[in-house]
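User: I would like to go through this structure and ask what stands behind the terms used for it.

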Amino acid sequence: MSEPEPLSGPHVLEYTYKRSVGPVLGRFFTGLRDGRIEGVKTAGGRVLCPPMEHDPATGEATTDQWVEVGPGGEVKTWTWIAQPRKQHPLQKPFAFALVQLDGADSALLHAVDAGDEGRMSSGMRVKARFAEERSGRIEDIACFEPEDA
Amino acid sequence: MAELCGVVGVGQTQHDAKREDVSQVGLIREAAERALEDADLDWKDIDAVVIGKAPDLFEGVMMPELFLADSLGCAGKPMLRVHTAGSVGGSTAVVAASLVEAGIHDRVLTVAYEKQSESNAMWALSIKIPFSATVVAGAGGYFAPLIRGYMMRSGAPEDTGIRVAVKDRENALKNPYAHLKFPDISFEQVESSPMLWDPIRFLETCPSSDGACALVLSSEKLADQSKKKPAWVHSTAMRSEPTSFAGRDQVNPQAGIDCAKELYKKAGITDPRKEIDCAEIYVPFSWFEPMWMENLGFAELGQGWKMTYEGATALDGDLPVNMSGGVLSTNPIGASGMLRFGEAAMQVRGTAGEHQVAGARKAMGHAYGGGSQYFSMWIVGAEKP
């Protein structure tokens, strides 16, 4: 008796979501749309960027004091993506990096378009490259690039 | 249990169809801050946090407890997530209570939530898998045949469900946090509302809500020191069974029967109808009130509908059920179970406001989930057990 052919059938699962970002990230995204990166101050005076509703160190709400940060900053740590996939922010080799923007005390995860892995190092200076068309999303920062580029 | 556990704080959000004014973080924080305020405590007083919500698919954030931790003061503290579908709000409270009862933590904050406006949970679990039987009709489509089954077995009058809906919607008018409020609710209004899944009418159905609930649980020593009167946890129980197996009775699931039996045994209760003063029971479709009355042993088999009919479950009846307006009026899925548990605690603390049952000393909170397969329950009392 020959092996039966296994059953196979199509199954496409699509499910859509939307986000209510709240007052803090709402202000941050609005700033990005206008080409401005902002951090929020904690009660202890630290500047968080990306901003958060609550200070992770204390659990207390952050303040309503906002500070413009960047567009330059420093790479704290990074990883190289040699073969980007369709969903990645850049369609050529790039780095994912934690970037501490000038004036901020925390780091933002974003892409760095350095061209070559050899140019990447912790401590390197980068600056934000804004997208030409912006709509209040994290992609409004197209990526970061080396400051000396 | 080794240690006693007291509910010293209860908090909930303003529930609504769309809380677009807040993020998920803002939503849970609103409930948690109210619970802490009720307990007269601060974030630093909390030893551990237990978070619950229905499946991650509902908002599309995998393991949201990780990003919520910072906003719940969890940094450097133990944090635990509980998963048991729609019963999760109850199970989460049970897990939190067990941490206190076991003497592991002295003060636990527990939070449950759902932000249904971020997606469409009604259809989230109605997936059509190739070669499998599928409902694709939402929760109501799943439960309607079970209700028909109950009607056939019990011979309950066709309008029993309408009466439950009118009662719960009237109760919701007395609850400032309730989502759905129909000021002129009447039998005729429910009866004439569209039939969604025969025999379930539109006004016999729960809404989709955004909301959260939070409780602060303390050890006996700390609860004794709290300014407001605690609700003492007398017993907790959880049971589950598979969605389908040969001979499964989905109308009157064995897991629910067993869970209630264990709950009463632990609490020393032999006649629940007489000994329990009021109950918050998970009723997402009106007919589940009489069905659960039987499953939980408050009524003989086939007799549950009479409790509704005779007004026993009304706010002034001998066993008021869903004084808050229940799941029929407010359904942030993950939080719905904890709201039942929290409302039960409010009753025995005497803090339920307009929907307070006078002199309530012992109250039950109940939650179920999945295809009537997960159960969690607790009994709380004004006095120590």
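Analyst: Between the chains, 23 residues of chain B are in contact with 20 residues of chain A, contact being C-beta atoms, placed from the backbone, within 7 Å. This is a predicted model, in which local features need pLDDT of at least 70 and side-chain atom pairs count only at pLDDT 80 or more, while totals for chains, interfaces and linings use all residues. Residues are numbered from 1 along each chain as its sequence is written, with chains lettered from A and ligands numbered from 1 in the order in which they are written.

User: Why are α3(B) and α14(B) called oblique to each other?

Analyst: The axes of α3 (residues 88-101) and α14 (residues 333-349) of chain B cross at roughly 60 degrees and come within 5 Å. Angles under 35 degrees count as roughly parallel, over 145 as roughly antiparallel, 65 to 115 as roughly perpendicular and the rest as oblique. The two helices are therefore oblique.

User: What is the confidence for chain B?

Analyst: Chain B averages a pLDDT of 95, and 98% of the residues score at least 70; pLDDT is the predictor's confidence in each residue, from 0 to 100. The model scores ipTM 0.83 and pTM 0.93.

Technical notes: Axes fitted to C-alpha atoms, helices over the stretch in contact; angles between N-to-C directions. Helix = DSSP H or I, 4+ residues; strand = E, 2+ residues; numbered from the N terminus. Contact = placed C-beta atoms within 7 Å.
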